[in-house]
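Please examine the sequence and the three-dimensional model shown below.

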Amino acid sequence: MEEWKQKKVLIVEDELEIRNMIDGFLRKEGFARIFHAGTCKEALAVCASDKPDVAILDVMLPDGDGFGLLTSIRRFSQIPVIFLSARGEDEDRLLGLGLGADDYIVKPFLPRELVLRLLVILRRVYAPPQIDRLPVFQLGDSTIDLEAASVTRDQHEYALTAKEHALLRKLYENRGRIVTSDALCQSVWGDDYYGYENTLMVHMRRIREKIEPCPSTPEYLLTVRGLGYKLLVKEEL
């Protein structure tokens, strides 16, 4: 079962026939955790007790309207909301979306369309954050893995220290361009970087010892006199 279909869905609709129809289509699509409410009061009670992950709200309800209900829900929850309404005027649609609804569907509607829109919203709201892996790149015979903080050369693996890693990452992010000594120092030591220029030179020499075949005549980590350093990357993995 898709993880999105394990989310708890609240249907707020005073017409039992429509509520059961929506319930049936959701269950047919694989949703199983479905809660019902026929009034604003019942909906708020379900929100408090069962904490749904998404709500489908009818606009016209016996003890109020969906707009007021959404305003009440927003006082304690930011769950996504889809409005269902026979009122298709632009003013109503804009009011609902302006209150923070994620979608507004006018009755009569295609049940399949409701399910698809619901899935789109669930994927958008509850998708896990994308974690970008740090790059792996090649400098001649040296393979630099910023994720593992390591350099592999001649079948030997060399660990990067925290400062070496920070410097290489800054240089890689600006590969092919000059990075000033001040910018490199700031990336490692923060705003209090003054006076670290000589220390920076030491770290650069140690990085070259790990990545360059001949550190005294570097091919990839170049010094740009009076400015800073430049990393030349020819191959990315």
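The following paragraphs treat an open sheet and its helices, then an annotated residue, and finally a nonpolar core and a loop residue.

The structure is a predicted model. Its open sheet comprises five strands in the order β2-β1-β3-β6-β7, with parallel pairing. From one strand to the next, the twist averages 15°.

Within this sheet, β3 and β6 (residues 81-85) run parallel and are joined by four bridges. Helix α2 (residues 40-50), for its part, lies across β1 (9-12) and β2, and runs at about 150° to β2.

Strand β3 (residues 54-58) also contains D58. An unreviewed UniProt entry annotates D58 as "modified residue: 4-aspartylphosphate". Is this residue buried or exposed in the model? The relative accessibility of D58 is 5%, and D58 therefore counts as buried, the cut-off for that class being under 20%. When residues up to four places away in sequence are not counted, D58 touches V12, E13, D14, G66, L84, S85 and K107.

A further part of the description concerns the largest nonpolar core, which has 24 residues. Those with the most contacts inside this core are I144, L171, L184, M204, L221 and L231. At least two core residues are supplied by each of β8 (136-139), α6 (162-173), α7 (181-189), α8 (197-211) and β14 (228-231). L171 illustrates the packing: leaving aside its neighbours within four places in sequence, L171 is in contact with V179, L184, M204, L221, Y229 and L231.

The loop between α5 (111-126) and β8 holds P135. With a relative accessibility of 22%, P135 counts as partly exposed, because that class lies between the limits of 20% for buried and 50% for exposed. Residues up to four places away in sequence not being counted, P135 touches I144, D145, L146, E147 and Y172. I144, one of these partners, is also among the residues with the most contacts inside the largest nonpolar core. By C-alpha to C-alpha distance, P135 and G96 are 44 Å apart in space, while 39 residues separate them in sequence.

Methods
Residues are numbered from 1 along each chain as its sequence is written. This is a predicted model: local features need pLDDT of at least 70, side-chain atom pairs count only at pLDDT 80 or more; totals for chains, interfaces and linings use all residues. Side-chain values use heavy atoms; hydrogens and water are left out. UniProt positions are given in the numbering used here, feature names are shortened, and annotations may be inferred rather than shown by experiment. Buried means under 20% relative accessible area, exposed over 50%, partly exposed in between (1.4 Å probe, protein chains only). Contact means heavy atoms within 4.5 Å. A nonpolar core is a set of buried Ala, Val, Leu, Ile, Met, Phe, Trp, Tyr and Cys residues joined through side-chain atoms within 4.5 Å. Two strands pair if DSSP finds at least two bridges between them. Axes are lines fitted to C-alpha atoms, for helices over the stretch in contact, and angles run from 0 to 180 degrees between N-to-C directions.
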